[in-house]
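These are my notebook entries on one structure.

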Amino acid sequence: MDGALPCQEIREGQTVLYKRCGGEFVEALVTSVSETHGSASVEYTVVKEDGLGGRRYQQRRGLVKLEELAREQLPMHGRQQQPGHQLPYANRCLLLDQLERLHRVFVESGWLQQKCDERNRQEPKPKFRSEPNLYALEEWVVSPLTDPEHYEEVNERIRLSLMLRHPLRKCSYAELLNPHGLLVDYFVSHYWGHPFKRTIASLRSFALEARAHTDHIDISRTTFWICLFALNQHRKAE
């Protein structure tokens, strides 16, 4: 299991990549782990078109060996992202769960604020002060993590907590995290200078309200298309 996430790191409540019987990879939630049997139970959502322009969401369950599940995690083995493959823009969205994880790791932890404070100390009279918003996320998170040459500049523990694979090419954050793409629920247009914590709070509040009008049982599965994560920040002219 060279290079894979250790089996003991697979834990209940974790979001993982799960390989279905047909070979398709989906994001799944680990609902239980049995060290005795060396297996884990997972749940995931399947989205199907209903033929009338709508979509149906079906909850599915699976049982998988811990070793096999760990092997499908870090690092990428070249199966998820091919060097010449580009995911259609329309499918480059993130789950609310993934956005909230990004917020926990970089904003709630104070990591991004520390980066901003260091920059502001170095430039006492900048045109714009660095704040933990999308501009800061682009510079210190999205751009390095989606560049093969700079990926390892981000702390390994952080990369593991985000379940990111090593990029084979410069790509978008959504392509790296969801290489097979997702069906988008909502398109988000907003100001990059808005504090990211407020953006996340707004998205969660919206998802809770929208749940009453959709088939979503779990709001963490709500998908959002956000330009910072959907577009390749290394090729902005696209």
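I worked on a predicted model, in which local features need pLDDT of at least 70 and side-chain atom pairs count only at pLDDT 80 or more, while totals for chains, interfaces and linings use all residues. Residues are numbered from 1 along each chain as its sequence is written, and side-chain values use heavy atoms, with hydrogens and water left out.

**Entry 1. Salt bridges**

I searched the whole structure for salt bridges (a side-chain nitrogen of Lys or Arg within 4 Å of a carboxyl oxygen of Asp or Glu) and found seven. One of them joins Arg204 to Glu100, with the closest N and O atoms 2.5 Å apart. This pair links distant parts of the chain, since Arg204 is in helix H7 (residues 196-210) and Glu100 in helix H2 (residues 96-108), 104 residues apart. I took helices (H or I, at least four residues) and strands (E, at least two) as DSSP runs, numbered from the N terminus.

I next noted the salt bridge between Arg119 and Glu139, at 2.4 Å from N to O. Here too distant parts of the chain are linked: Arg119 belongs to helix H3 (residues 111-122) and Glu139 to helix H4 (residues 134-145), 20 residues apart. Arg119 is partly exposed because its relative accessibility is 22%, and Glu139 is partly exposed at 34%.

**Entry 2. The network of Arg92, Arg169 and Glu175**

I found Arg92, Arg169 and Glu175 linked in a network of salt bridges. Arg169 sits in the loop between helix H5 (156-162) and helix H6 (173-177). Its side chain meets that of Glu175 in a salt bridge of 2.9 Å, N to O. Both Glu175 and Arg169 are buried; for Arg169 the relative accessibility is 13%, so it counts as buried.

I placed Arg92 in the loop between helix H1 (66-71) and strand S5 (94-95). Arg92 is buried because its relative accessible area is 2%. A polar atom of the Arg92 side chain lies 3.0 Å from the backbone oxygen of Ala230.

**Entry 3. Nonpolar core**

I defined a nonpolar core as a set of buried Ala, Val, Leu, Ile, Met, Phe, Trp, Tyr and Cys residues joined through side-chain atoms within 4.5 Å. The largest such core has 37 residues, and those with the most contacts inside it are Phe106, Leu145, Leu162, Tyr173 and Phe229. Among the elements that give two or more residues to this core are strand S7 (223-226) and helix H8 (227-230). H4 gives the most, with seven residues.

Conventions: Buried < 20%, exposed > 50% of the residue type's maximum accessible area, 1.4 Å probe, protein only. Polar contact = N/O pair within 3.5 Å; in protein donor to acceptor, adjacent residues only side chain to side chain.
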